[in-house]
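Welcome, and thanks for taking a look at this one with me. Here are a few points to guide your first reading.

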Amino acid sequence: MTREEIINELKNVVAPYTNNKEMLAGLNDQTDLIADLKINSANLVDIIIDAEAKYNIEIDYDSADKMINVGSCVDVIYDKVNKK
Amino acid sequence: MGKRVVITGMGVVSPNGIGIPAFLNAIQNGISGIKFVPLYEELQFACQVAGKPDFEWENLKNYISEVSYHGLKGTNIAYGLTAALDAWADAGLPYDADEARWETGCVFGNSAPDAEATKFAIGKIDNKESRKLGSRMVEQVMNSSVTSYVSGRLGLGNKVITNSSACATGTQSILMGYEYIKYGLADRMLVGSSEYIDTYIYGAFDAMRVLSRKFNDQPEKASRPMSATAGGFVPGSGAGALVLEDLDFALARNARIYAEVLGGSCNSGGQRGGGSMTAPNPQGVARCIDMAIASAGVNPNDIDLISGHLTATMADKFEIQNWSQVLRRSGKNFPHINSLKSMIGHTLSAAGSIESIACILQIIHQFVHPNINLEDPNPEILDIISQDCMPTKMINKEINVVAKANFGFGDVNSCLIFSKYNNQ
């Protein structure tokens, strides 16, 4: 799975958690989940749970802590998907 | 003296109508919201009927953001949000606010959190999948879930509190909001209550053998307050919400005024003198009604209508006895009395707020709603009051003062006095 494929699917994973649809459409590595997409920090765990199901991976607590912008999310997911 | 408190907005999610126009039509025409519930038959409950609002979950998208909607599981939250936001809009107020509304608080009650949502959490945890619960469970199983969703949506910044006093909850929430405004601590209070009777709470009531069980094949006949064939109450779900405002504050913004809260009282019989966990001490009931009338500054003879607690159990006749003794009125001199529960069943914590809305509608439109299923009034009740006091068809009548009471497990009582708004 390429980074581009991951980022495209990530849009769908993140969609239910943001009201900022414009920002979502232009999602890129620098997009910050909290500052740009205005996602409630408490809800980040829901995105991680959904990503686990979507990519059929397990994201441990330490890796999850790194997932603050789209780039770092893709890094973690890319790593887990391709390690399988 | 304190400030005068008026009602400026109402919203309702009732088994016989969602929204004020549908609900008004239902109570004027004696439309029942009680239906057979196949799941209860499957679970082998003795009572297989219930009052459940014809609620469309999708409709919530008109009230809350998509993000908030996604992951919402609590039905009591859905009912409460709908009633509260409808009441807010009915008062002519906008939903969105950038800053907290410091002048407005919220007292919203429920008798229990949504047990179905709780069960979802328990299932995942017992299955060693607690990490899959995500971030939205706590906010939906805490006691203050409904209040938190409502106050958060509207940005309410004054006192925000969740009250719980079993079946007296709804009337109590209105009383608490009324008192807070009366003493000048808030200009506006959004008050009410919401209840979703899931199978778990329902089953426990069924086990107590206090529910109707002889009319499973005729659901609309099952709730029979004050009748000789009253055989237990019919559980119901729903929510009611009211916007209360300081009169001067309401007048200053040219708000439409529906009615006035003249006074009220809330007490307990202490589970003494015949009172218990499940039965009221008659002295407690009498004191509660007496103090409500005194605080309203009305004479017992001024009361045009009583909206009773009247659940369709043995207790109905004791309730009538209490009213009669406190008001010193009997026979044909007794006020009109009705029980909304004949149409929607007993919505527990929501009963007080939905029934209060019915009271206010009867004041606005000057009528007494019918008691359905009262073709066979209890002879012991007829020994106290005239049959004419318990109309079975809607009657048009001048209604100025209405007394509304509810009594709950734990021997708690709550009584409110509403009146037509007089500009003087």
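Predicted model: local features only at pLDDT ≥ 70, side-chain atom pairs only at ≥ 80, totals over all residues.

1. How compact is chain B? Its radius of gyration is 20 Å, close to the 22 Å that the globule rule gives for 424 residues, so chain B is as compact as a globular protein of that length. Along the principal axes, its C-alpha atoms fill a box of roughly 65 × 55 × 40 Å.

2. The interior is worth a look too. Of the 424 residues in chain B, 56% count as buried. Among contacts in chain B with a separation of 6 or more, 80% join residues 24 or more positions apart.

3. Now to the domains. Chain B is divided into domain 1, residues 5–259, and domain 2, residues 263–419. Their C-alpha centres lie 21 Å apart. The contact between them takes 61 residues from domain 1 of chain B and 58 from domain 2 of chain B.

4. Which elements supply the domain 1 side of chain B that touches domain 2? Those giving at least two residues each include strand 1 (5–14), helix 1 (20–29), strand 7 (188–195) and strand 8 (238–246). Helix 8 of chain B gives the most to this side, with eight residues. By type, the residues of this side of domain 1 of chain B divide into 30 nonpolar, 28 polar and three charged.

Notes
Residues numbered from 1 in each chain as written. Chains lettered and ligands numbered in written order. Domains from an automatic or database assignment. Contact = placed C-beta atoms within 7 Å. Helix = DSSP H or I, 4+ residues; strand = E, 2+ residues; numbered from the N terminus. Nonpolar A, V, L, I, M, F, W, Y, C, P; charged D, E, K, R; others polar. Rg over C-alpha atoms; globule rule 2.2 N^0.38 Å. Buried ≥ 20, exposed ≤ 12 C-beta atoms within 10 Å, placed from the backbone.
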